[in-house]
Amino acid sequence: MKQKIWPILLLALLLFIPLGFIQNQINYETIAYDLQTNLLLMPGEAGDMVLAGFKGIAADLLWINVENYWHTGQHFKMIPLFNMVTYLQPHWILAWSLGGWHMAYNVAADVKTVQGKYYWYQQGVQYLKRGVSYNPNKYDLYFELGWTYYNKGLDYSNSVRFLKQAVMYPCPSYVRDVLAHAYEKNGEINKAMEEWQKLLKTDFKGVAKRMIYDLKTRGWATP
Amino acid sequence: MKKIWILACNTVKESFRKKTTYIIVLFALIMIASSEFFAFLSSTEQYKMITDTSFAVIEFFGFLLAMFGSISAVSSEIEKRTIYTLLTKPITRTNFVLGKYLGMFFILLINFSIMAVFFVGLLHFKKIPMDSGTFKALFLIFVEILVIASISLSLATFTSDAFNIIASSFIYIIGHLTGYGRQIIGMTKNIAVKGLADMMYTILPNYQNFTIRDKVVVGIPIPWQYVIIVTGYGIMYIVIALLIGIYFFRTREI
Amino acid sequence: MAIIETKDLTKIYTIGRKRTVVGLDHLTLEIEEGELFGILGPNGSGKTTCLKLLLGTLFPTSGEAYIMGKTPYDVSMKKEVGFLPENPYYYEYLTGRELLIFYGKLFDMDKDALNEKIEELLNLVGLHNTQKLSLRHYSKGMLERIGLAASLINDPKILILDEPTTGLDPIGCRDTRNLLIQLKEMGKTILLSSHFLSEVERVCSRIAILHRGLLLALGRLDELMSKYKSSNLEDLFVKTINEYDEKIKSQGVAQ
């Protein structure tokens, strides 16, 4: 009078085989669409959160510490945290751009020697470049790089190099404006002219008009 | 099918009259609302943190609802001995398990919707930009919660409550780590260890599949294809868990 | 053919790894249609085990059990059976009426027939005034009565009652007894288990006495009484059980 129920269990176990195939497909897609997460074990709060799968929250907690250190002027302490945050969430662009800015500007300003300042400027640039390698399809970090070269390093050829890449992706008009300025500073007046002319059709019309006028009448537009 | 529906309705009724779920959902709403705490940050930072926290809160409280809901749905019947009477009515044990799960589905759907609507309302109110990714992430969190419910329900048919809570929580944590485990296992050369690890990897639910919220928050586009295949994975896992639950419930003496 | 039938029905519980306890030992019973059959026995004698095996909530170690020729796993059998468990507990978040609606729906009853039946049953068990009260506030006697109503919701051919009179006051007992007689007259087969002797004595047409899982006596009440030379059921009950215990003891000494 026993019931025959083992086939249910057998069916359940057999279904794990197609499940395995589905998992394989998912693994393939996570790589294809760049949805992977990095392995990171850390002591303390943040580490526990990572373990339970709350990577975003872990990054946020670290980021709050970054903010704290910044507002209390402890700039050097921010640096390891930047690395952790971007390791946890390499696609969080704000972390890269703010990190690079902090290094090249704020930390560099804290250092007294010229070599030291140059060192931290380079660190910031390197950090941004790493960010670019993770986020190559967005304008943000190309622009940050270009701007840091332009504004902090006065390295116009490199600035042009990255800003040119930035405008290849959808971006706000000021990016192109900065590119035009960089062209001009780099001595490529004609290209600067072209960029401003492109800007005539956008919300940067007013600025572009003035720049073109200055360039034509005075021969220079950027002070 | 009609009997499964009747059992499901009774489960939903129980959940609403017992009021414990309200408390959990209320807590979740308070937590989501308290992400306002990040107001000291600049607005761009704040956006990320509010969405991060809200997603995490919804998932975690969804996990609690799914686990405790499923456990109480089955074990309250057994502990209160209502099951003696119920099983002498013309329903099969399979009906019972499926009815309970369908009931859990509706309970979770209702409570999840409350949390999700509150969250979307908050984003809208704070003028935080939303795209389809936000909804994809919410949807996959819901599928994950359904998988958690099916596992807890299945365990509840043959284990004690205390063991079930420990096992479900353990599976929840491990389920988020299997991906990492695989990265580590990939480096070992011992075939036996590797085979065993691969087997564990297939058997344990891979909750990390559903965790796209961290990606959505930083603006990585999630293709529909991925959402669909992960949903397929979830459904498959639910079927397996329920089959196992049915098997053990049919062998159980009440 | 008998409407309820067991053949060598045996249930051995395993406690721990090696210890076993015999719940029911090769029980063979046949209960005819229209009978009011009583299973008697002290606590732990296997009464409830027997009923649970018949209804399929427990699985037999060996032997067979049939109701209307169907195994306990057959859902169609359950449509014709009403069951009242010992110490009934019901969904305390439901009201009395909702409980009956819930069970009625499980029997595929349509709305009108169900409402009619519920009115009838609530009047029968005298809970018409408290039907909108949630079961949390019911007294033990009220729970017993709503349980009886619930077991009758499908107008069953066979009624299986586990200790139907525990927790009832004397008036409740009398009402239940009268109801049982009434139901028997309607042609229903009733199987009840009890250790509440005086009640059973008055209503059962046949009885079985179980002790430690063994069937000690089976037959019509008057036949058994003359066989064991006892004047009432209580006497009969004590006599059979003592006789068995002494036999076991002497065997134990002999070994």
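Reader: What makes a residue of chain C count as buried, and what share of the 255 residues does?

Author: The model is predicted. A residue is buried if 20 or more other C-beta atoms lie within 10 Å of its own. Of the 255 residues of chain C, 42% count as buried.

Reader: How many helices and strands does chain C have?

Author: Chain C has nine helices and nine strands. A helix needs at least four residues and a strand at least two.

Reader: Which strands form the open sheet of chain C, and in what order?

Author: The order is S2-S1-S4, with antiparallel pairing. From one strand to the next, the twist averages 25°.

Reader: Why do S2 and S4 of chain C stand at the edges?

Author: Each has a single partner strand, so one side of each is left without a neighbour in the sheet. S2 covers residues 19-31 and S4 covers 62-67.

Reader: How do you know that S1(C) and S2(C) pair?

Author: Two strands pair if DSSP finds at least two bridges between them. S1(C), residues 4-15, and S2(C) share nine bridges in the antiparallel sense. Therefore they count as a pair. In one of the bridges, Leu9(C) has Leu27(C) in S2(C) as its partner. Helix H1 of chain C, residues 47-55, packs on the sheet and touches S1, S2 and S4. The direction of H1 makes about 70° with that of S2(C).

Reader: Now chain B. What elements does chain B have?

Author: Chain B has 10 helices and zero strands. The radius of gyration of chain B is 20 Å, close to the 18 Å of the globule rule for 254 residues, so chain B too is as compact as a globular protein of that length. In chain B, 48% of the 254 residues count as buried.

Reader: Why are H6(B) and H10(B) called roughly parallel?

Author: Angles under 35 degrees count as roughly parallel. H6(B), residues 132-156, and H10(B), residues 224-251, pack at an angle of about 10°. Therefore they are roughly parallel to each other. Their axes are 8 Å apart.

Reader: What makes up the contact of H6(B) with H10(B)?

Author: The H6(B) side includes Phe139(B), Leu140(B) and Val143(B). The H10(B) side includes Val227(B), Tyr237(B) and Ile238(B). By class, the contact has 14 nonpolar, five polar and two charged residues.

Reader: How many residues does the contact of chain B with chain A take from each?

Author: The contact takes 44 residues from chain B and 35 residues from chain A. H10(B) gives the largest share of the chain B side, 15 residues. That side has 25 nonpolar, 12 polar and seven charged residues.

Reader: What does chain C supply to its contact with chain B?

Author: Chain C supplies 21 residues and chain B supplies 19 residues. H3(C) gives the most to the chain C side, with four residues. The chain C side divides into 17 nonpolar, one polar and three charged residues.

Terms used. Residues are numbered from 1 along each chain as its sequence is written. Chains are lettered from A and ligands numbered from 1 in the order in which they are written. This is a predicted model: local features need pLDDT of at least 70, side-chain atom pairs count only at pLDDT 80 or more; totals for chains, interfaces and linings use all residues. Axes are lines fitted to C-alpha atoms, for helices over the stretch in contact, and angles run from 0 to 180 degrees between N-to-C directions. Angles under 35 degrees count as roughly parallel, over 145 as roughly antiparallel, 65 to 115 as roughly perpendicular and the rest as oblique. Two residues are in contact if their C-beta atoms, placed from the backbone, lie within 7 Å. Ala, Val, Leu, Ile, Met, Phe, Trp, Tyr, Cys and Pro count as nonpolar, Asp, Glu, Lys and Arg as charged, and the others, Gly among them, as polar. A residue is buried if 20 or more other C-beta atoms lie within 10 Å of its own, exposed if 12 or fewer, and partly exposed in between; C-beta atoms are placed from the backbone. The radius of gyration is taken over C-alpha atoms; the globule rule is 2.2 Å times the number of residues to the power 0.38.
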